[in-house]
Amino acid sequence: MADSKVVLITGTSTGIGADTARELAARGHHVIATMRNPDRDGPRVQAGFEANMDVTRCDVTDQSSIDAAFALTQEKYGRLDALVNNAGYTTYGAVLEQTEEEVHRVFDTNLYGVIRMMRAAAPIMRESGGGKILNVTSIAARLIGPLFGVYCATKTGLEAVSEATRYELARHGIQVCLVAPGIVKTDNQWRSFDTSGAFNDGVSEYQETMQGMLDEVRKVASGRPGGRLNAVQMADLIEIDEQPLPLRVPVGEDTIRAFANRAAMSDDEWETMLWTTDQEGYPFGFFKNERAARAQHFG
Amino acid sequence: MADPQVVLITGASQGFGAATARELAERGHTVIATMRNPDRDAPALIEGYTGRIYPQRLDVTDASMISAAVTAALDQHGRIDALINNAGVSLFGAVEEITDEELHHILDVNVVGAMRVIGAVAPSMRARCSGKIINVSSMAGLIGGPAVGGYCASKFALEAITEALRYELQPWSIQVVAVEPGVVNTEMLHGNLSAIASVREGRSRYQGPTEALIKGLRAAANRRQGPRSVASQLADLVEIAEPLPLRVPIGDDAIRISQQRGLMTDDEWEGFLTSLRDEGFPGSYFRVVEEQGVG
Amino acid sequence: MEVAEKLAPRVVIVTGASRGVGRETARELAFRGHQVVATMRNPDRDGPAVVQGFESHIQVAACDITSRNATEAAAAFALEQHGRIDALVNNAALLLIGAIEEVVDQEIHDLFNTNLTGQMRMTQAVLPAMRRQQGGKIITVSSLAGRIAGPAFGSYCASKWALEGLMQALRYELAPFGIEVSLITMGAYRTEMQFKSTFTTQKLQDGTSVYQAPCEAFIEGEKVRANLNPSVRTVACNIADAVEFPDPLALHIPVGFDVHRVMPLRERMSYDEFEAMISGMRNEGFPGSWFGTIEENPPVPVAE
């Protein structure tokens, strides 16, 4: 049985974050579950694990709240064994229709937020001889889709900084690892799903396609399992003493197969498949709708 | 929440089987949990899950018992939405010293056992044009290694069965999947570990490296996780509404190894595997061969 | 002028040598000057045709690889005659056609008892001598069916995949003794093994299979194709080459145009792509006949 670890997780109010906090707590670890609104969301997540779970406020876009969360961790445990950077949200919109503010906001959470968290965690981990940082990426980091371009950009950016810090922090015994969930039935497709202003106002050039694809994504998501598998996989990665952890762990049969399919095809094969397939759903419906318009220019 | 499913799972007394039965019950599904000795093993399993986990006596080597159990399950629950062929045994020891009986036994449980249960359940799935058959294979179904040849043979065979059956049952919309867990800390590697006679009796020509492999694998298992990831992955596969893939590796090690194996040629892979010297599979084996040589 | 040194004759046991790949391999090896012990179940009936013309190079021995006594006797015979065993060619095998759902215990037991346990028995019988010699080659004839799987012959695939698993493990175990283990991945060749009615499941023979139509289409298609396939002489030459080859043998030795075409695809494609490709095929024989028949006559729910 693994020793009791001290783990800090961001974005634990719902979904994979909440599941992971509770899974780790159920296994007897000390969990610092951070969220933006602990008064509202904390009790539900903490229920039953009051003894080994602290719920505290942390907004990854707010440095002072980050400092406070790490100060609490230092003070209470004097160390940090693992950090799970889970906080994040999805943006939905054509790239060029997303406003400067929309783009900045999602990067602030999904990418800069993780860098801020790692910057705060690394000194504590170094102090105690090492640690693990799990960064929650997405199936979208490798399957770049239309209408999710900015979101994909935050995740490919996250993949880049994770891989780089993995090399940079190795000297301190800190392992950085990417965990890639597929489509999971969580708030990600509803509450934490930020549709572009252009779409909300009904003025997107892709309005109809966007509506159709949004319905498809939500339909698929509603038939998917919840975040438990991701929670269990992350808890396993935190407990495993094997070294080193893989750089990237796709979680769920959809991500495993999608990554395998993408890796087996050249860029040309991949693009040809997208433009020619008769499959339905996201993203295929987009390509079906756009095929004719494209053909006018590219044959 | 996915609609409640009726799931029959074999080998549910402990390990992957028990964890999966409980995970499915937690999620509100009905589980027919089969095992060889329910009098001994069922009470612990169903505690807290009465009315959701139904224990059932079943030995996968006994065709008439399988047919009776499946009939009883269909009578009671009306249908079986998913079958999880999980029952299995291990076999450690060099290929040179495996006896006919030992090889026949592992095939009879791990391969023919699964085929028997499939044969009993498939007609009812065909009648409804729906169902899922999930075969619990192993990383040993995708890669071979020293001192586990008999086990690899059974799991390679199960992989082939899965793939062929997938095509055969497709027309009735029955999905067939193999899952490949990596090294997981279960009784399979501890109390239930089974080795060939020559190893048990300490007279194997490969005694040193085989014992080192078992010891290394146990140590690796102790460092690693329990069966929860297997349980949640299997429960997800039962619930998922979209088409399922042919193979699903489970756990960071299995995902990583299946990807690496896929990218390497036979020569590259062999070079990589035989270079391993770490504690566990197969490094422990090669390390002892290197240190002690062979007789 | 220097004459290249003639390759020293090797002592080779070839199982299942009464017909097909086994017979051709035995004769090819004899032609190249090696000493062959050609084993078969019925030497009185099948032996003379194998030996003919190579009386000083081929000896026939009765051996049913489902019997441990028989495999050990065959190895002992080779040692007694020649004092050593340089290579074993595991070739004897059975075929089984029929859907997995309908295979009965006895059928799969018999199949595995020859295709897997039989190969293991024969291999075990030669290992003490090879270990003493500190060298030897175990060359096992497998098939494309050991690397991919498809409808109608899943049990056969299972037996060959199992053989893959066993031999891959054995390769690691025997490497320290200097004994090489290699698998011939053979494609479709014209052999007599194919399509005897006894190589189908009882259900198919009785005509009561749920999968009757696609299985029969598959068998018919393969019969047609078998006549178009190349003869097994290529396989025999490849095996003889492997016996003679001085450098370390690869794990897999692919033989056949179809293998050279399919395996790179299998290795390069993801499972999803490969499955889509297989399911999309409509050629005569494997696997197109199966899928074509299913497409033309979609099955209906069957109440039992």
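Tutor: Helices (H or I, at least four residues) and strands (E, at least two) are DSSP runs, numbered from the N terminus. This is a predicted model, where local features need pLDDT of at least 70 and side-chain atom pairs count only at pLDDT 80 or more, while totals for chains, interfaces and linings use all residues. Residues are numbered from 1 along each chain as its sequence is written, with chains lettered from A and ligands numbered from 1 in the order in which they are written.

Student: What makes E1(B) and E2(B) a pair?

Tutor: Four bridges join E1(B) to strand E2 (residues 30-35) of chain B in the parallel sense; at least two are needed, so they count as paired. Within that pair, Ile9(B) stands opposite Ala33(B).

Student: And how does the chain get from E1(B) to E2(B)?

Tutor: The path goes through helix H1 (residues 15-26) of chain B, and this β-α-β crossover is right-handed. That word applies if, with the strands pointing away from the viewer, the path from the first strand over the helix to the second runs clockwise.

Student: How do you know that E1(B) pairs with E4(B)?

Tutor: Three bridges link E1(B) with strand E4 (residues 82-85) of chain B, and the two run parallel. The cut-off is at least two bridges, so this is a pair. Here Val7(B) faces Ala82(B).

Student: Which way do the residues of E1(B) point?

Tutor: Val6(B) and Leu8(B) point one way, Val7(B) and Ile9(B) the other, and all are buried. Buried means that 20 or more other C-beta atoms lie within 10 Å of the residue's own (exposed is 12 or fewer, partly exposed in between), with C-beta atoms placed from the backbone.

Student: Over in chain A, why are E3 and E9 called edge strands?

Tutor: The open sheet there has seven strands in the order E3-E2-E1-E4-E6-E7-E9, with parallel pairing. Strand E3 (53-57) and E9 of chain A each pair on one side only, which is why they are the edges. E3(A) pairs with strand E2 (residues 30-35) of chain A over five bridges, and Val31(A) sits opposite Met53(A).

Student: What lies across E2 and E3 of chain A?

Tutor: Helix H2 (residues 38-46) of chain A does, at about 165° to E3(A). For such angles, axes are lines fitted to C-alpha atoms, for helices over the stretch in contact, and the angles run from 0 to 180 degrees between N-to-C directions.

Student: What makes residues of chains C and B count as touching?

Tutor: Two residues are in contact if their C-beta atoms, placed from the backbone, lie within 7 Å. The contact takes 48 residues from chain C and 51 residues from chain B. H5(C) gives the largest share of chain C's side, 14 residues.

Student: And how many residues of chains A and B are in contact?

Tutor: There, 22 residues of chain A meet 21 residues of chain B. H8(A) gives the most to chain A's side, seven residues.
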